[in-house]
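Okay, everyone, thanks for coming.

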Amino acid sequence: CTTPPTTTAGVVDAAVARLPNAVNAYYPGSYDLLPTTTAAAIPNLYFAGDLVKGSRHGSWSQEKAFVTGLEAANAVLGRPL
């Protein structure tokens with residue numbers, strides 16, 4: 001395994017926001033406004049979730065959130081997306 005050891009890692013901050021009426025609302029043309037996995041302006045900022053564009057997963061779903069999470073993790077580790 002090539003991942004660094006995480007035995008000393010700890011949670012720095014956490015929050016849960018429960019928004020029962022919140023949904024993603026995509027509209028024609030909104031795809032161009034979505035972020036990619038890596039941020040253009042901030043080198044060490046990565047995005048994951050169903051709102052990320054350019055992923056190999058072509059839908060908006062929990063599965064895409066999972067896939068883009070893996071892609072963001074690989075980007076942090078310097079691995080190819």
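Before anything else, one term: when I say two residues touch, or are in contact, I mean they have heavy atoms within 4.5 Å. With that in hand, Lys53 touches Tyr31, Asp32, Leu34, Pro35, Thr36, Thr37 and Lys64, and that's not counting residues up to four places away in sequence.

Quick housekeeping. This is a predicted model, where local features need pLDDT of at least 70 and side-chain atom pairs count only at pLDDT 80 or more, while totals for chains, interfaces and linings use all residues. Residues are numbered from 1 along each chain as its sequence is written, and side-chain values use heavy atoms, with hydrogens and water left out.

Now the overview. Buried means under 20% relative accessible area, exposed means over 50%, and partly exposed is in between, using a 1.4 Å probe and protein chains only. If you take contacts between residues at least 6 apart in sequence, 29% of them join residues at least 24 apart.

Back to Lys53. Where is it? Lys53 sits in the segment before α1, and α1 covers 62-76. Lys53 is buried yet has no salt bridge, a salt bridge being a side-chain nitrogen of Lys or Arg within 4 Å of a carboxyl oxygen of Asp or Glu. The nearest side chain of opposite charge is Asp32, 4.8 Å away; for charge, Lys and Arg count as positive, Asp and Glu as negative, and His and the chain ends aren't counted. The backbone of Asp32 comes in too: its oxygen lies 3.2 Å from a polar atom of the Lys53 side chain.

Pro35 was one of those partners of Lys53. Pro35 is also in the segment before α1, and it counts as partly exposed because its relative accessible area is 22%. Leaving aside neighbours within four places in sequence, Pro35 is in contact with Phe47, Leu51, Val52 and Lys53. Pro35 and Gly54 are 19 residues apart in sequence, and their C-alphas are 8.6 Å apart in space.

Phe47 turns up again with Ala39, which touches Leu45 and Phe47 once residues up to four places away are set aside. Is Ala39 buried or exposed? Buried, because its relative accessible area is 17%.

On to the helix. Ala72 lies in α1 and, at 10% relative accessible area, it's buried. Beyond residues up to four places away in sequence, Ala72 touches Thr37, Tyr46, Phe47 and Ala48. Take Thr37: it's 35 residues from Ala72 in sequence, but 5.9 Å away, C-alpha to C-alpha.

What does its side chain reach? The Thr68 side chain reaches the backbone nitrogen of Gly49, at 2.7 Å.

Last stop, Asn74, also in α1. Asn74 counts as partly exposed because its relative accessibility is 23%. Leaving out neighbours within four places in sequence, Asn74 is in contact with Arg79 and Pro80.

Definitions and conventions. Helices (H or I, at least four residues) and strands (E, at least two) are DSSP runs, numbered from the N terminus. A polar contact is a pair of N or O atoms within 3.5 Å; within protein, one must be able to donate a hydrogen and the other to accept it, and residues adjacent in sequence count only if both atoms are side-chain atoms.
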